[in-house]
Amino acid sequence: MAFAGIVGIGVASGTALASAPSTAEAAGPAAHAAQPALDQYATGKVTSRHRLAVRSRPTTHSKRVYWLKPGQRFQIKCWTRGQKVGHTRVWYRMGYSSPKDWVTANYVKVIKGHVHHC
């Protein structure tokens, strides 16, 4: 549960960074390429009515790292195939975390951007 609070802070601060004008934007197009990769990640939203387990690998047999709350938004770095959950084998790698944190796409809706294959 303590990790969920940390995740919420990371999401909120990532959103605040994306909405604040950066020095790269003020410097022009050449500096725009130097912006953090976080701006390039897609945004996902948890669609389940219950909390969603974040796993260390794209399988339900791997360690649960923490949980996401219903309706919580998060950054998605990329997708890969993993264990089938529901009707899909797609798993999303979370974008703002340093370890490889994975969630099944069965309970996630991409609400902004495009998710690339890992």
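Biologist: Which hand does the disulfide of Cys78 and Cys118 have, and why?

Modeller: A disulfide is a covalent bond between the sulfur atoms of two cysteines. Here a pair of cysteine sulfur atoms within 2.5 Å is taken as one. In this structure the torsion about the S-S bond of Cys78 and Cys118 is about 90°, so the disulfide is right-handed. Cys78 lies in strand β4 (residues 73-85) and Cys118 in the segment after β8 (116-117), so the pair ties together parts that are 40 residues apart in sequence. Strands are DSSP runs of E, at least two residues long, numbered from the N terminus. The sulfur atoms of Cys78 and Cys118 are 1.9 Å apart, and the structure holds 1 disulfide.

Biologist: On what basis are these values given?

Modeller: This is a predicted model, in which local features need pLDDT of at least 70 and side-chain atom pairs count only at pLDDT 80 or more, while totals for chains, interfaces and linings use all residues. Residues are numbered from 1 along each chain as its sequence is written, and side-chain values use heavy atoms, with hydrogens and water left out.

Biologist: Is Cys78 buried or exposed?

Modeller: Buried means under 20% relative accessible area, exposed over 50%, and partly exposed in between, with a 1.4 Å probe and protein chains only. Cys78 is buried, at 6%, whereas Cys118 is partly exposed, at 43%. Lys100, in the loop between β5 (88-94) and β6, is exposed, with a relative accessible area of 51%. From C-alpha to C-alpha, Lys100 and Arg55 are 8.4 Å apart in space, and 45 residues separate them in sequence.

Biologist: Over which ring does the charged end of Arg51 sit?

Modeller: The criterion is that NZ of Lys or CZ of Arg is within 6 Å of the ring centre and within 35 degrees of the ring normal. The charged end of Arg51 sits over the ring of Trp67, 3.8 Å from its centre.

Biologist: Which residues lie nearest the centre of the second largest pocket?

Modeller: A pocket is an open set of points on a 1 Å grid over the protein atoms alone, where a 1.4 Å probe fits, with protein on both sides within 12 Å along at least five of seven lines; lining residues have an atom within 4 Å of a point. For the second largest pocket, Arg51, Leu52, Ala53, Thr104 and Tyr107 lie nearest the centre, among 14 lining residues. Two or more of the lining residues come from each of β2 (52-55) and β6 (102-104), and β2 gives the largest share, 3 residues.

Notes:
Helices (H or I, at least four residues) and strands (E, at least two) are DSSP runs, numbered from the N terminus.
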